[in-house]
Amino acid sequence: MTLRLHNTRTQQVEVFEPLSTEKVTLYTCGPTVYDYLHVGNWTAYIYWDTLVRTLIASGYRVERVMNITDVGHLVSDADEGEDKLEKGARREGKTAWEIAEFYAEDFVAGMEKLGLLPPEHLVKATEFIDQQLDLVRILKDKGVTYQTTDGIYFDTAKFPSYAEFAHLDLAAQKAGARVEQNTQKRQPWDFALWKFTPAGENRDMQWPTPDDLFELPTGSAEIMGFPGWHLECSAMAMSILGPTIDIHTGGIDHIPVHHTNEIAQSEAASGQRFATVWLHNNHLKIDGTKVSKSLGNTYTLQQLQENGYSAMDLRLFVLQGQFQNEGNFTFDNLASAKNRLEKWRSYAVLRHQTHDRLDDDNQKNDAERGSISLLAASGALREALQDNLNTPEALRVIDQAFSSLDSCRLDDIYHHGLIEFIRAIDELLGLQLEQSTPDIDDDAKRLIIERQRARDAKDWQASDRLRDQLAKKKILINDTPHGSRWQWA
């Protein structure tokens with residue numbers, strides 16, 4: 001099946017056609033590392049990991065860049081207020097560099113817990129200062145910048161299509177705009193490319209502003225500065241992947257400001273389209289409300305673990321919704337995802353309890369039962385994801401395929417098909433079913449055989465005693481009309 005994706009730029013679901021047959025270039029807006037990420041933040045990275053897995057399963061080689069914003073992201077997401085890293089440093093009594101290092105490492109550790117595929121390029125904004133200044137220089141040479149007392153700005157009036165991507169009504173925005181703190185901006189939506197360090201301040205993260213980028217009064221001292229948040233993404237994406245990339249991802253909150261500004265500065269500099277496809281995930285609410293520290297609902301991975309939930313539980317919870325739809329996190333919903341995952345693991349361990357038989361006979365048995373064959377389910381799973389990352393449909397396929405095993409004797413389960421299906425789930429959805437469901441040891445297998453003999457002899461006391469011994473090994477026995485099966489507790 002052909003891969004189809006909803007393109008924010010055209011507002012349509014389109015057949016994906018990469019720029020090159022050699023690889024797909026992908027840019028993912030990464031975190032601003034000033035605090036722990038919460039479940040709303042992680043939702044986006046789970047969806048975009050699923051995108052990467054689907055691209056790979058569709059036969060593409062992916063080269064992805066993900067940024068780590070460790071400077072320049074102001075608290076207003078525009079050009080006002082304190083830098084989030086400086087704010088984090090003040091909160092914890094550390095330097096901005098220490099804050100960035102700590103929370104960047106925590107982000108990488110969280111990616112590993114969630115089983116997210118590492119991008120080919122995980123890069124920090126502070127590592128690309130030269131490239132960002134080069135981009136400002138190109139824009140200045142093209143005549144689309146101007147200088148104020150607090151920085152170098154992009155003149156959006158020089159980019160006529162500025163409002164098109166987000167369908168902005170600039171006239172209405174201007175009419176309703178409050179008084180700007182920076183009255184030197186020509187339009188309220190003009191944005192900073194490079195901010196000057198205010199006089200008398202000494203930031204942890206600042207760099208000399210090159211002489212050729214601004215007008216410096218004679219006899220003035222060197223002007224220190226730092227990049228604007230929007231500039232970072234364009235510079236990193238284009239310097240690594242080229243002027244035009246296949247796919248750019250982010251949250252819907254990025255559309256009206258951050259991504260609109262990325263497009264303006266990138267396309268003004270290169271004269272080419274910045275990204276062919278734009279994908280945006282919707283918001284995740286908490287108990288039906290916005291995620292907010294003041295409400296105390298910014299749950300982190302650590303907090304979920306303290307409440308008895310794993311990163312994989314969160315991953316499955318997120319995949320239960322399609323990326324374009326608004327999600328709602330509750331602990332009841334998370335508990336449902338946890339139970340669903342535990343049930344799937346009980347099916348995954350059946351591969352240790354079945355054996356190779358004639359595959360044709362087993363596929364025939366599947367067809368006679370009217371259920372989905374396991375190999376067909378693997379294909380259906382892939383097709384669901386190729387249909388605009390339809391993860392709810394993918395999970396329905398898994399539920400249906402696994403449920404078809406309930407009416408099977410162990411000897412009738414298609415062993416090879418089960419293994420391939422579990423691997424397809426792990427490769428496409430990253431749920432680590434195979435990794436989390438090892439086989440039991442020989443002693444446990446001996447106890448199961450002894451228990452079955454006791455049951456055959458109707459020695460229920462011995463059967464119960466052996467069941468208890470297995471339970472101490474965290475192995476549960478489920479007696480069904482089609483035979484006994486074990487699973488991990």
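This note comments on aromatic pairs, charges over rings and cysteines in a predicted model.

1. Aromatic pairs. The count of aromatic pairs in the model comes to 25. One of them joins Trp 97 and Trp 207, whose ring centres are 6.4 Å apart and whose planes meet at 70°, so that this pair is classed as edge-to-face, given that an angle over 60 degrees is what that class requires.

2. Aromatic cluster. Tyr 299, Tyr 309, Phe 317, Phe 329 and Phe 331 form a cluster in which the links are ring pairs.

3. Charges over rings. Phe 102 has the charged end of Lys 94 over its ring, at 5.2 Å from the ring centre. A further case is Phe 226, where Arg 203 lies over the face of the ring, 3.6 Å from its centre.

4. Cysteines. Zero disulfides are found when the whole structure is searched. Cys 233 is in no disulfide, and the nearest cysteine sulfur, which belongs to Cys 29, is 4.1 Å away, whereas a disulfide would need the two sulfur atoms within 2.5 Å. Cys 233 is buried, with 0% relative accessible area, and Cys 408 also counts as buried, at 1% relative accessibility.

Definitions and conventions
Residues numbered from 1 in each chain as written. Predicted model: local features only at pLDDT ≥ 70, side-chain atom pairs only at ≥ 80, totals over all residues. Heavy atoms only, no water. Phe/Tyr/Trp six-rings, centres within 6.5 Å; stacked < 30°, edge-to-face > 60°. Lys NZ or Arg CZ within 6 Å of the ring centre and 35° of its normal. Buried < 20%, exposed > 50% of the residue type's maximum accessible area, 1.4 Å probe, protein only.
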